[in-house]
Amino acid sequence: MTVSLIAFAILLAMVFLRVPIAFAMAIVGGIGFGILRGWEPAGAMVGNAVYETGLNYSLSVVPLFIFMGNVLAGSGIAQGLFAAADRIFGRMRGGLAMATVLSCGGFSAVCGSSLATAATMSKVAMPSMRRFGYSDSLATGAIAAGGTLGILIPPSVVLILFGLLTEADIGKLFLAGIIPGVVGILGYLLAVMVAVRLKPDLAPKVGEVHPMTRRDVISVLAVTALFVFIMVGIYGGLFTPIEAAGMGAAAALVIAFATGGMTRGALWTAFLDSATASAMIFAIIIGAEIFSNFVTFAGLPDSLTEIVEGLGLSPWLVMLLIVAIYLVLGCFLESLSMILLTVPVFYPVISNLDFGLAVLSDPEAVVTWFAIIVVVVTEISLITPPIGMNVFVLRSVLPDVPLRTIFRGVYVFWLSDILRLALIIFVPWLSLWLAH
């Protein structure tokens, strides 16, 4: 176990030195495995990790769901969602920020990527909020926080990867994410209401509400139809969650061209952005696989399980300690890397605990509940300094807005997420009612 902890410390040091996380994990894991087992086995392990990850059929969902989101982003669907949400909240103080949150939730339901959601909605919502005098902090905070919903509301790439790591039922994980996702949207809406009540100058003007156009209605119907198509297809037995990615991407293309919003340039951009994002994710998966093989060989998961059993700690205390570790790691690690690094370590520990609740008597239910907790903590990490990937995405799209302004705007949403996390931990029913 000591060797594994030293390796984690070296890994964090490399991250601080700005070594890309994918390469940092691969280097530490490969060298560590070589020291423990020998350099020839280490070389074979690294080669197998690259080869097997590249040929893993299940991972085909990653580029396909990302492509689906990029196609919808390039077809103007997001603009229609924002206009429809503005119709609902536009006459309220802070209504544009609430419309942003709601449209982020809708777009997330067919996108699956937090970064894509944040980048797309920043281009759609930010100009309107600036035009009506919203502060940059509230505007960017609503976009950054709303974008985090992309990894929880199904279809979710992160939930798929969690299912692949733990061999959990991906369909049940999708169902488990629906209620927490809705609670997240409601919490963010309440956060905006509280923020503008305490500081009215954050949203000094009420936006002009325009009637929805035919295109706005089509956008809402298209997103709803695509979400229903994917979910009914999965739970109706028409196709597996893996096949749903391909069906969803094909359906998104049909919708984009049928609504007339997709151009050749936008389609080409969708291909390029999807390829770039997929390459980055696969590099992280390969690095995490190498590092995970090393810590598993070093005995870290077994050692942690033995320590927990030996200390006789309450299962609830163990869960809270794991959540605390995630919150700390989220300040320094990118969300996907954090999940790929930690789930193989913590999953064996959690799956062996008895929480004393009837709703958690089934080990499969415990895994599903733990998955939603991990994803919600990951959502929090996306807006937590100093990394906060969604914040940095907004910074790249809106270079005139300082990072400190964006971080200042997300704190009220961060508090809302902490309350939601506590609710999900102590009321497991929220995650399990639809799934089990």
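Student: What is the phi of Gly237, the residue that follows helix 11?
Tutor: This is a predicted model in which local features need pLDDT of at least 70, side-chain atom pairs count only at pLDDT 80 or more, and totals for chains, interfaces and linings use all residues. Residues are numbered from 1 along each chain as its sequence is written, and side-chain values use heavy atoms, without hydrogens and water. Helices are DSSP runs (H or I, at least four residues), numbered from the N terminus. Gly237 comes after helix 11, and its phi is positive, near 80 degrees.

Student: How many of the 17 residues of helix 6 are buried?
Tutor: Buried means under 20% relative accessible area, exposed over 50%, and partly exposed in between (1.4 Å probe, protein chains only). Helix 6 (95-111) is among the elements covering the buried residues of helix 11. Helix 6 is itself largely enclosed by the rest of the structure, because its buried residues number 15 of the 17.

Student: Which residues are linked with Arg130 in a network of salt bridges?
Tutor: A salt bridge places a side-chain nitrogen of Lys or Arg within 4 Å of a carboxyl oxygen of Asp or Glu. Arg130 pairs with Asp136 at 3.2 Å between the closest N and O atoms, and with Asp400 at 2.9 Å. Arg130 lies in helix 7 and Asp400 in the loop between helix 18 and helix 19, so this pair ties together parts 270 residues apart in sequence. The network partners of Arg130 are Asp136 and Asp400.

Student: Are Arg420 and Asp417 buried or exposed?
Tutor: Their side chains meet in a salt bridge of 2.7 Å, N to O. Arg420 and Asp417 lie three residues apart in helix 19, about one turn of the helix. Both Arg420 and Asp417 are buried.

How values were computed
Contact = heavy atoms within 4.5 Å. Helix = DSSP H or I, 4+ residues; strand = E, 2+ residues; numbered from the N terminus.
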